[in-house]
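Subject: Structure for your files

Dear colleague,

Here is the structure I said I would pass on. My notes on it follow below.

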Amino acid sequence: MIRPEDRLNTHEVTNQPDRPAARDPWAADPTLCGHVASQGGDAKHLARFGAALSDAWALGEDARRTPPELRLFDRHGRRLDEVRFHPAYHSLLELGLGEGYAAIPWSGASGGHTTHAAMVYLLSGVEPGVCCPMTMTYAGVPALAAAGFDDWAGKLATPAYDPAIAAPSTKRALTLGMAMTEKQGGSDVRANSTRAEPADDEWRLTGHKWFCSAPMSDGFLTLAQTEAGLSCFLVPRWCEDGSRNAIRLQRLKAKLGNTANASAEIEYHGARAHLVGEDGDGIRAIIRMVHHTRLDTAMAPAGLMRAALSEAAFWARGRSAFQKRLIDQPLMQTVLADLALDWEGATALGLRVARAFDEGDPLSRVGVALAKFLSNKRAPVVIAEAMEVLGGMGYVDDTPMPMLYREAPLNGIWEGSGNVICLDILRTLRRDDAARDALDAELKAAAGADRGFDAALAAFRDRWPKDPQEIEARLYCERLAALLTAAVLIRAAPGAVADGYVATRLGADRGLVAGAVSGLDHRAILDRIGD
């Protein structure tokens with residue numbers, strides 16, 4: 001029995017809400033549920049996945065706090081070229097892949113890409129680092145299937161995780177990584193210097209890759225120069241004759257975030273490889289993979305924003321200052337409602353683009369780049385402001401805010417940074433009539449429902465009656481992406497959300513910082529955040 005005089009009253013914690021240990025991110029997010037339903041995703045599958053994620057936060061913490069370890073040699077001096085992970089990392093991969101993260105879009109199920117995109121969203125708020133290998137596995141299926149690698153494509157699309165270090169033919173499921181970037185070229189992959197030489201029925205690769213994502217994958221899509229030009233290759237990590245392929249891990253990159261995932265610098269020393277697609281046509285072959293990885297990099301920032309806003313809103317509801325709950329303070333309401341518009345816009349647009357993937361709609365070819373560009377530019381701002389809601393607590397790793405903040409810039413860099421994406425958008429609209437027509441139809445479908453939207457669309461077309469010059473690409477793409485987002489919200493979100501987005505994103509009456517707006521229906525927008 002502790003006597004009252006012995007109590008350490010200064011250690012009592014008051015005026016701080018306690019998060020429950022287990023949270024189902026699907027059940028707590030009615031906004032996601034509504035947008036998934038409107039775009040044709042599988043709510044039952046996602047409900048099961050959300051329930052499975054309820055206890056995954058602790059796994060994510062373990063995977064982050066015990067980072068991957070490079071093991072170049074065994075105790076006898078034999079080369080290993082392996083990365084060791086905390087068991088929690090493998091548990092999360094088993095959970096995600098087992099629930100169909102990489103498989104469901106290729107299963108024939110209705111709304112498969114939309115369901116997959118929602119899984120990306122959900123898992124990104126729990127542990128983003130494990131998404132990288134699963135996303136590349138998902139995206140590798142169309143690239144390898146188109147090139148006739150049916151065994152590989154089938155095992156990539158198997159809803160299972162097999163971590164064994166073994167020949168691909170002996171495994172029940174496979175994972176895929178990517179190794180394109182070289183230090184002298186970056187996004188300019190045509191400057192790659194890795195060489196490929198024919199050898200019997202295969203090829204041998206020699207060269208250095210500055211970034212290899214997920215180096216413990218069973219194989220990698222990579223680019224190398226042949227006599228015919230830049231070509232795409234599948235490089236297995238383990239050869240069918242029982243030998244390790246000649247892929248040398250040089251080091252693991254020390255990164256700002258994404259710490260649970262390993263990113264490596266590698267060298268090919270005559271590594272065995274298989275040509276994917278036509279010799280000299282490597283860009284066309286690998287773009288099938290990049291097109292799909294971009295969907296995930298467009299959807300992940302919505303999940304990161306959602307996780308940050310959920311924490312901020314929960315804190316604001318349970319914390320009082322100046323005799324009022326924070327959530328009842330008018331200025332706090334304005335800030336949170338303004339941030340929520342970015343999050344819901346990113347969520348709605350990402351899932352609409354995913355539906356375009358499901359339907360084979362040409363909109364996907366330009367929509368995915370627009371969604372990736374805008375959502376990733378907004379995510380760091382939204383997460384930083386949400387962190388500020390918690391004050392000093394938001395800066396402490398006891399909360400998820402620092403992790404979310406460190407992750408916020410990454411999806412904007414992966415699969416084409418901002419300038420590359422903007423130039424891709426211009427190129428697509430100039431060359432792809434079907435994509436341009438689909439985008440125009442999507443914008444026209446929302447016309448007539450909101451005078452502010454109609455005026456903004458007319459002003460946009462007056463401003464750019466023709467394709468813009470490259471120097472204006474960011475301005476053009478930002479406004480076009482905001483118009484597309486508004487068009488989706490007008491048809492898929494409550495009036496308070498759509499009206500608020502149009503007024504503050506397409507109108508001129510707002511400031512440069514979050515919350516520098518007026519006229520929002522705070523309560524209706526904040527209710528969308530959920531738990």
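A crossing of two helices is called left-handed if the near helix is turned anticlockwise from the far one by less than a right angle, and right-handed if clockwise. On that definition, the crossing of α9 and α10 is left-handed. Please bear in mind that this is a predicted model.

Helix α9 covers residues 330-359 and helix α10 covers residues 363-389; their axes are 9 Å apart and the packing angle is about 155°. Angles over 145 degrees count as roughly antiparallel, so α9 and α10 are roughly antiparallel to each other. On the α9 side, the residues making the contact include Met332, Leu339, Ala346, Arg352 and Phe357. On the α10 side, they include Leu363, Gly367, Ser375, Arg378 and Val389. By type, the contact of α9 with α10 consists of 15 nonpolar, three polar and four charged residues.

Ser375 turns up again in the surroundings of Pro301, a residue of helix α8 (residues 282-318). Beyond its neighbours within four places in sequence, Pro301 is in contact with Ser375, Asn376, Ala379 and Asn411. Its relative accessibility is 0%, so Pro301 counts as buried. The C-alpha atoms of Pro301 and Leu410 are separated by 9.1 Å, although these residues are 109 residues apart along the chain.

The last item is Asp432, in the loop between α13 (418-431) and α14 (433-445). Asp432 also counts as buried, because its relative accessibility is 16% and the cut-off is under 20%. The Asp432 side chain reaches two backbone nitrogens: that of Ala434 at 3.2 Å and that of Ala435 at 3.0 Å.

Regards

Terms used:
Residues are numbered from 1 along each chain as its sequence is written. This is a predicted model: local features need pLDDT of at least 70, side-chain atom pairs count only at pLDDT 80 or more; totals for chains, interfaces and linings use all residues. Side-chain values use heavy atoms; hydrogens and water are left out. Helices (H or I, at least four residues) and strands (E, at least two) are DSSP runs, numbered from the N terminus. Buried means under 20% relative accessible area, exposed over 50%, partly exposed in between (1.4 Å probe, protein chains only). A polar contact is a pair of N or O atoms within 3.5 Å; within protein, one must be able to donate a hydrogen and the other to accept it, and residues adjacent in sequence count only if both atoms are side-chain atoms. Axes are lines fitted to C-alpha atoms, for helices over the stretch in contact, and angles run from 0 to 180 degrees between N-to-C directions. Angles under 35 degrees count as roughly parallel, over 145 as roughly antiparallel, 65 to 115 as roughly perpendicular and the rest as oblique. Contact means heavy atoms within 4.5 Å. Ala, Val, Leu, Ile, Met, Phe, Trp, Tyr, Cys and Pro count as nonpolar, Asp, Glu, Lys and Arg as charged, and the others, Gly among them, as polar.
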